[in-house]
Every structure is written in structure tokens, then in C-alpha cells.
Amino acid sequence: MQRLRLGVLGAGRGAGLARAVALAPSVELVAICDADETRRAAACVATGVVGLSDYQALLDSDRVDAVLVASPMPLHVAHSVQALAAGKHVLSEVTAATSLEDCWELLAAVRRSGLVYMLAENYCWYRPWSLVLALVRAGHFGEVYYGEAEQLQEFKGGFKPLDQGGTWRAAELAMRLGNHYITHHLGPLQMAVGQPITQVICHGSGQRHLPWAVADSTNTVLAETSGGAQFRLRLDFFSDRPNSYTYFGLQGTTGAYEAPRAASEEHRLYLHGRTAPGTWESLWNYADQLPAAWADIPPTPARETHDGGAPLMLEAFARAVLDGTPPPVDVALALNLTATGLLSELSRQRGGAPVEVPRFGLR
Ligand SMILES: NC(=O)c1ccc[n+]([C@@H]2O[C@H](COP(=O)([O-])OP(=O)(O)OC[C@H]3O[C@@H](n4cnc5c(N)ncnc54)[C@H](O)[C@@H]3O)[C@@H](O)[C@H]2O)c1
């Protein structure tokens, strides 16, 4: 079988995805590039591929068909544009861009290149959500008109002021208002509805923990789709509380779903005409409707995490390049999701005023 030869840029998050390639039969890992020698060496030992320190050398290699861009978020567009210009397909880590100008630049570069660009939004392949999506696509939820999700991840110890060693994480996630990590949760919700996001509103609590930070301790985004569906997303990297970053809820005219917020809870489903009225049943009662590809992922605890579907995401990217199937999170969707987060900053600055979100060609 012909395989997609993948080079990885960035041996932090990228090293984890490089290991996931072992479970993606259509992908061959060929090189890992990172300027940091220690990280590069560790990733190369773990995967057995060659290491490079220079990104251009990775792009110049005729052994590389595609690049996984897992560099810091503010560099995704520059590194993706550089890869496309070198004739390499791109799988980009989240989010796609950190400014609206960069969104338009990326769109133009992808269109110009004729190559495949996909956002590596692994939450879209979260195993329980794969099953929810299968049930939605089989019509069990009727028309989906509401979704909600939360990224509650106490991370304030990981942020430092920019003049005291703070990195891009602090710059993007502590020094800006709005939800700039939005694709993890908006992506899966959008997939259940299949319509572009057209408007965003953002409110916030104010910063209650780090005196130097700009971001709200907790913020709420309301996003609306072209067909009037509503999504509510909460982002919180600061509050003192147990983490919960795989909570999703979905409501359709004939079905509802709620993910667990704590280990003691379960994935709950209500389907009109199937579930006893006024009660929940386990989502896993419908496990036979999971996409067949899940049978190839070993049933380890890792499979049940937000990253458990990473091999299926890599496989979807490879099939898009090798067969011409549409990438599930193509450039237009990647930018529509990313721009919703970027424009949530503007809404928050304007006291929660609604802001229109560009569709980037999405219908
Ligand atoms: N999908 C997920 O669940 C998930 C999880 C973690 C991080 N991420 C995303 O992955 C990306 C990377 O995150 P991270 O935690 O690894 O960041 P990081 O800053 O820890 O690592 C980035 C790496 O890229 C390397 N790098 C940057 N520019 C380079 C260049 N020109 N040449 C060679 N090496 C270069 C750096 O040396 C560094 O090791 C971020 O965009 C982040 O949002 C996603």
C-alpha cells in the first residue's frame, strides 16, 4: 500500500503525534525536526527516525510528502505557508492562526498551492464523540440546534509574565481576552451541525488570579451557526478546581447527550422513542455504531482520552492526500473555527457585542 511520508516539525506535542503514527497504516514517519537538541534526540530515539535541526532541510527533503506543523501556535501560519511553498501537504496543530490577517494569508496560500491542508483537531476524533457523531449522522438526534463544551484546565502555574520567561502560551492564553484555544471544543460541536459559525459573543469574569494577566479567569463564548444553532463554550485556565476538558453536551429535536465532568459519571444519552422518558441511558449501549476504524485502536486507557483518536486523525489526513477525499477539518473550516476564537477577543473588548465571523468560503 502506498503510504504518506510525514515529517514532523516540533518535538514537544509533535513527538506524541509522531508516536501515534505507528497506529496509522497509511502514514510513514520519516523525520522529526526540532532546533532543540535534547527534545529532538528523545523523539528520534522513541520513533527510530532521523532528526533534523533545520526546518528548511526538512522541506528540501524529497523523502517528505507532508509536514505536521507542531511548532508554537503563533508560528503555525508561517511554517504552513513555507511548507506549501515547498510543495508539501500540511497537517497543522491547533489553532490554525493567531491573527485574522494570518487567517487570510493561510487561505490564499492553501488555495494557491492546490495541496491538502488539514487542522489536527484531535478532539474531533475523541472516541465518545465519534459515537455521538455516528448517532447524529444516523438521524437519532433529529435536527441538532444546541451544543456546549468546557475547557477547564488549571494551568496558571504554567504561565509566566513575558518579561520573566513567559512563552507563546502566556502571550496567547494569558495576555489576550477571548477564547484562543477554541478549536478543541468548537470543532467537535461544529461537526455535529455541519454549518459555518457566523457570529460570536464573549463575556468574561475578569482576571481573579494572576495580577499581571489580561485573560479572564473564566470566559463564556456564545457562537451561532448559519442555520441558527447555538454553541456555549467555557474556557478557564486559572480557577482552582479539578480539571474537566472533555465535557460536551448536545441537544437535537429528538436526542440529547451529556459527557461526564468527573470520573464517577458516565456518558449519558437520551433518544426519544428509545430511552425511557425522563431518564438517561449509557451512550455505550450504542457502541455497535462506532465507526469501524476504532476496532484497529488497541483498547488501552490511552484510547479513552481526548487524544485517543489521533491515529484516526492522521489516517484521515493521509487518505485526503492519497485518495483525494475531503479532509474532515479543511482550511476553510479550520479558519472559521479559529477566527471565532480570535473574534471572541473583539466581542469581549466591546462588552459582549456580537461580532460577525467570516466563513472563508464555507457554505
Ligand atoms: N492537540 C492537542 O491536544 C495539543 C496538545 C499540546 C499542544 N498542542 C499544540 O501543539 C503546538 C506545539 O505545542 P508544544 O507544547 O509542543 O509547544 P512548545 O513550545 O513546547 O514546542 C515547540 C517546539 O517547536 C520547536 N520549533 C519551533 N520553531 C522551530 C523551527 N523553525 N525549527 C525547528 N524547531 C522549531 C521548538 O524548538 C520547540 O521544541 C502548539 O500549537 C499547541 O497549541 C496541541
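Which of the 24 residues around the ligand come nearest? They are Arg 13, Asp 34, Arg 39, His 76 and Arg 169, where a residue counts as near if one of its heavy atoms lies within 4 Å of the molecule. The model is predicted, so that local features need pLDDT of at least 70 and side-chain atom pairs count only at pLDDT 80 or more, while totals for chains, interfaces and linings use all residues. Residues are numbered from 1 along each chain as its sequence is written, and side-chain values use heavy atoms, with hydrogens and water left out.

**Ligand contacts**

Polar contacts are pairs of N or O atoms within 3.5 Å. A polar side-chain atom of Asp 34 lies 2.6 Å from an oxygen atom of the ligand, and a polar side-chain atom of Asn 122 lies 2.8 Å from a ligand nitrogen atom. Ser 71 takes part through a polar backbone atom, 3.3 Å from an oxygen atom of the ligand. The ligand taken alone exposes 850 Å², of which the protein buries 81%; these areas come from the Shrake-Rupley method with a 1.4 Å probe.

**Pockets and cavities**

On a 1 Å grid over the protein atoms alone, a cavity is a set of points where a 1.4 Å probe fits but cannot get out, a pocket is an open set with protein on both sides within 12 Å along at least five of seven lines, and lining residues have an atom within 4 Å of a point. A volume is the space filled by probe spheres set on the points.

| Space | Volume | Lining by class |
|---|---|---|
| Largest pocket | about 670 Å³ | 16 nonpolar, 10 polar, five charged |
| Second largest pocket | about 450 Å³ | 15 nonpolar, three polar, three charged |
| Largest cavity | about 50 Å³ | five nonpolar, six polar, two charged |
| Second largest cavity | about 40 Å³ | five nonpolar, three polar, two charged |

Of the 31 residues lining the largest pocket, Arg 13, Glu 93, Trp 168, Arg 169 and Tyr 181 lie nearest its centre. Helix α7 (residues 168-173) gives the largest share of this lining, three residues.

The count comes to two cavities of 30 Å³ or more. The largest cavity is lined by 13 residues, with Thr 95, Ala 97, His 180, Thr 338 and Leu 342 closest to its centre. Domain 1 (4-120) and domain 2 (124-356) both give residues to the lining of the largest cavity, so this cavity lies between them; the domain bounds come from an automatic or database domain assignment.

Notes:
Helices (H or I, at least four residues) and strands (E, at least two) are DSSP runs, numbered from the N terminus. Ala, Val, Leu, Ile, Met, Phe, Trp, Tyr, Cys and Pro count as nonpolar, Asp, Glu, Lys and Arg as charged, and the others, Gly among them, as polar. A polar contact is a pair of N or O atoms within 3.5 Å; within protein, one must be able to donate a hydrogen and the other to accept it, and residues adjacent in sequence count only if both atoms are side-chain atoms.
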